[in-house]
Amino acid sequence: MKGILVDKAGGEYALVDTLEKPKPGKNQVLVKSLVTGLNPVENFQRGGVLVESWPIVLGCDASGSVVEVGEGVTKFKEGDGIFGCTRLGHPGYGTFQEYLSPPNSKPADISVEQAATIGVGLLTAGLGLFSGTKIALEPKEVTGDSEWIIIPGAAGAVGQYGVQLAKLCGYKVLASCSPSNKKLVESIGADATINYKDPLEDLLKDIKSITGGKFSRVFDASAMATEIGIQALAQCSQEERLKYFATTNGWIPIEPKEGIEIYVTALGVIGKTGDAHNTAVNNDIAAMIPKLETFLESGEIKPMEYEQIGDVGVGDVLKGLEAFNVRKTDGKKLVVRLSSDE
């Protein structure tokens, strides 16, 4: 089986054809990988973060078709379309290879390319909003009296799904992004935007002016907006209650702030057991997936726009990774076609 292998922490990506084709175990399915998405986490993993053992095939977003089902599987059958986020850092689960095991069925009216844009971004946004800022995962109409939520990094994959989910659940969204992504972010539901490049003092003034202080939640989808998020909650929020700051920043410690509950998303523990934190995260993910699937099926949550890199083949993942490392953020997900078969 072909795949893109990294032999050690800090090692180079290499195309190989010597990987063992996996067999589905109990409650597992074997999937022919058709499209893989590219994410920042792959670069972190190549450097040694979130990897259980080496050598390893990386990649965690994919879509494909079921070719074999294991004992106990009732949700899927051979030929079903499938997509999802696989276990990060576990050998045998990477998406940069011909066969793998993602967890969710693909909505019928979404292409395999679109499906490969969903997994990591949507689940991370779900953790940040529902586990982190304590938003109820229920559709609710947005009105003039609705509370605001602030989402820095709104043009990225996590941010785009965060904007859509927050709006779907009844919140007015103040999104932070670059001016070049303002139209995109507004098109997916943001009610107002601020320029993340502005000085902190100007950003705080804009936040207070736009929201009138009617917010108690910030979800930092960028992993780089801790200061603005905490300061906005501390200085600009007029809500007399506990406030919530959730972030995708899992590597820089955050100083506790009285009256603000801080939550760090941890998608890297998906599928892992061993302690109460891992169990809680996986339980939260399991609980939200059926509702997220319903939102995708109904079209209430839409997949990202994408750009396909290369032609077709596992080796084109190398082209995709190279393009990912030099690209400018434009709100599109980069994907690679591994196979032309449907």
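User: How many of the 12 residues of α4 are buried?

Analyst: This is a predicted model, with local features needing pLDDT of at least 70, side-chain atom pairs pLDDT 80 or more, and totals for chains, interfaces and linings using all residues. Residues count from 1 along each chain as its sequence is written, and side-chain values use heavy atoms, leaving out hydrogens and water. Buried means under 20% relative accessible area, with a 1.4 Å probe and protein chains only. Helix α4 is largely enclosed by the rest of the structure, because the buried count is 11 of the 12.

User: What covers those buried residues of α4?

Analyst: The buried set includes Tyr161 and Leu168. Going by contact (heavy atoms within 4.5 Å), the cover includes α3, β9, β10, α5, β12 and α8.

User: In the six-strand open sheet, which are the edge strands?

Analyst: Pairing takes at least two DSSP bridges between two strands. The order is β11-β10-β9-β12-β13-β14, and the pairing is parallel. Strands that pair on one side only sit at the edges, and those are β11 (192-195) and β14 (260-264).

User: Which residue in β12 stands opposite Ile150?

Analyst: Strands β9 (148-152) and β12 (215-220) pair in the parallel sense over two bridges. Opposite Ile150 stands Val218.

Definitions and conventions:
Helix = DSSP H or I, 4+ residues; strand = E, 2+ residues; numbered from the N terminus. Buried < 20%, exposed > 50% of the residue type's maximum accessible area, 1.4 Å probe, protein only.
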